[in-house]
Amino acid sequence: MAIQSKGRLSEDSIQLIKECGIKFNNGVSKLKSTSQNFPIEFLFLRDDDIPDYVADGVADVGIVGENVAVEKGKDIDIVKRLGFSKCRLSLALLKSENYSGPAYFEGKKIATSYPNILGNYLRSKKVKAEIHEISGSVEIAPGIGLADGICDIVSSGSTLISNGLKEVEVIFKSEAVLIGHQNLVSGKVDVLNQLVFRMESVQNGKNNKYILLNAPNEAINEIIKILPGMKSPTVLPLAEPGWSSIHSAINEDEFWERIELLKKAGAQGILVVPIEKMIL
Ligand code: PRT
Ligand code: ZN
């Protein structure tokens, strides 16, 4: 497995692998490391090289930003979206410019490190613009007269603002992805399936909370409707007659809304605890 040696992806990639229970030694200057408890070896690389290594089969899988995976255009599979390092690839202009829509870029010069993704976008909008490929410091290009606009990665947007730019179009949304070689031998497919299963269990755990609450017995049916749980909630009698304790899992996205409904239905003493892993 190829992972970024240092940079925005490396810490979260290593954390995910460790949360999957895979132990390995990641010393600062290491280029390679073998897990002590899972049949996998890690290569620590620059992110730009990861799609090539995976396409060539030097690495079987890798973790890379989707922006890099797609830009490189190599024959690889996107096996799983990993939910971290979220960002977007956007077009931006000097803030003094009047922007009317993608046709603004007709005949203009755009600086970017993503010529392929940008080229596809411009073709889809039937806009002909000159793509000026540069490998870094893209955001200074309009200010120094090198280009009319830029196409670059944006996360908070503060880099654009501090360079006097405004974001006018989002052309691609990205997050870290697990990529795989297209023709893995069957033994390696089994290992990859185990790895994906572990990653999904970790992600499901993060997306859900374990909830425990007390309720009068007459409220149980209504509470069960609000809290469907993995199969159905656990209902245990409390020492106090006429009361029960109800346990279930609840999705992070619907959490606050459900809590309000539970309170209205008569739930009391609600406890919410994190789930480390969740096997569905
Ligand atoms: O050394 P190596 O080649 O391995 O790393 P790198 O410097 O090429 O990449 P790195 O570590 O900076 O980014 C790796 C991946 O992280 C990218 O390919 C994206 O998928 C993802 N990512 C997430 C980001 C950002 N957020 C991000 N904000 N990559 C870059 N940025 C830069 C962007 O280029 C711009 O300069 O941050 C600036 C914008 O940030 P905001 O918050 O000011 O908008
Ligand atoms: Zn890079």
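Visitor: Which residue of β14 does K209 stand opposite?

Guide: In this predicted model, K209 has I250 of β14 as the residue opposite. To read such a pair, look at the two strands that hold it. Strand β12 covers residues 208-216 and strand β14 covers residues 243-251. Nine bridges join the two.

Visitor: Do β12 and β14 run parallel or antiparallel, and what is the order of strands in their sheet?

Guide: β12 and β14 run antiparallel. The edge strands are β13 (234-237) and β15 (268-274), each of which pairs on one side only. From one strand to the next, the twist averages 20°.

Visitor: What is the order of the strands in the open sheet of five?

Guide: Read across, that sheet runs β8-β7-β9-β6-β10, and its pairing is mixed. At the edges are β8 (130-133) and β10 (165-174), and each of these pairs on one side only. The twist averages 30° from one strand to the next.

Visitor: How many bridges join β7 to β8, and which residue stands opposite K109?

Guide: Take the strand pair, then the residue pair. Strand β7 (residues 109-112) is joined to β8 by four bridges, and the two strands run parallel. K109 stands opposite E130 in β8.

Visitor: Turning to the ligand, how many residues surround ligand 1, and which are the closest?

Guide: Start with the shell, then go to single atoms. The shell around ligand 1 has 22 residues, and the closest are R8, N67, S156, G157 and T159.

Visitor: Which atoms of Q4, G157 and T159 lie by an oxygen atom of ligand 1?

Guide: For Q4, a polar side-chain atom lies 2.9 Å from an oxygen atom of ligand 1. For G157, a backbone N or O atom lies 2.7 Å from an oxygen atom of the ligand. T159 again uses a polar side-chain atom, at 2.5 Å from an oxygen atom of ligand 1.

Visitor: How much of the accessible area of ligand 1 does the protein cover?

Guide: On its own, ligand 1 has 850 Å² of accessible area, and the protein covers 78% of that. The space that ligand 1 takes is the largest pocket.

Visitor: Which elements give two or more residues to the shell around ligand 1?

Guide: They are α3 (66-72), β9 (149-154) and α5 (158-162). The largest share, three residues, comes from β9, a strand that also belongs to the open sheet of five.

Key: Residues are numbered from 1 along each chain as its sequence is written. Chains are lettered from A and ligands numbered from 1 in the order in which they are written. This is a predicted model: local features need pLDDT of at least 70, side-chain atom pairs count only at pLDDT 80 or more; totals for chains, interfaces and linings use all residues. Side-chain values use heavy atoms; hydrogens and water are left out. Two strands pair if DSSP finds at least two bridges between them. Axes are lines fitted to C-alpha atoms, for helices over the stretch in contact, and angles run from 0 to 180 degrees between N-to-C directions. A residue is near a molecule or strand if one of its heavy atoms lies within 4 Å of it. A polar contact is a pair of N or O atoms within 3.5 Å; within protein, one must be able to donate a hydrogen and the other to accept it, and residues adjacent in sequence count only if both atoms are side-chain atoms. Accessible areas come from the Shrake-Rupley method with a 1.4 Å probe; for residues, only the protein chains shown count as cover. On a 1 Å grid over the protein atoms alone, a cavity is a set of points where a 1.4 Å probe fits but cannot get out, and a pocket is an open set with protein on both sides within 12 Å along at least five of seven lines; lining residues have an atom within 4 Å of a point. A molecule sits in a cavity or pocket if more than half of its atoms lie within 2 Å of its grid points.
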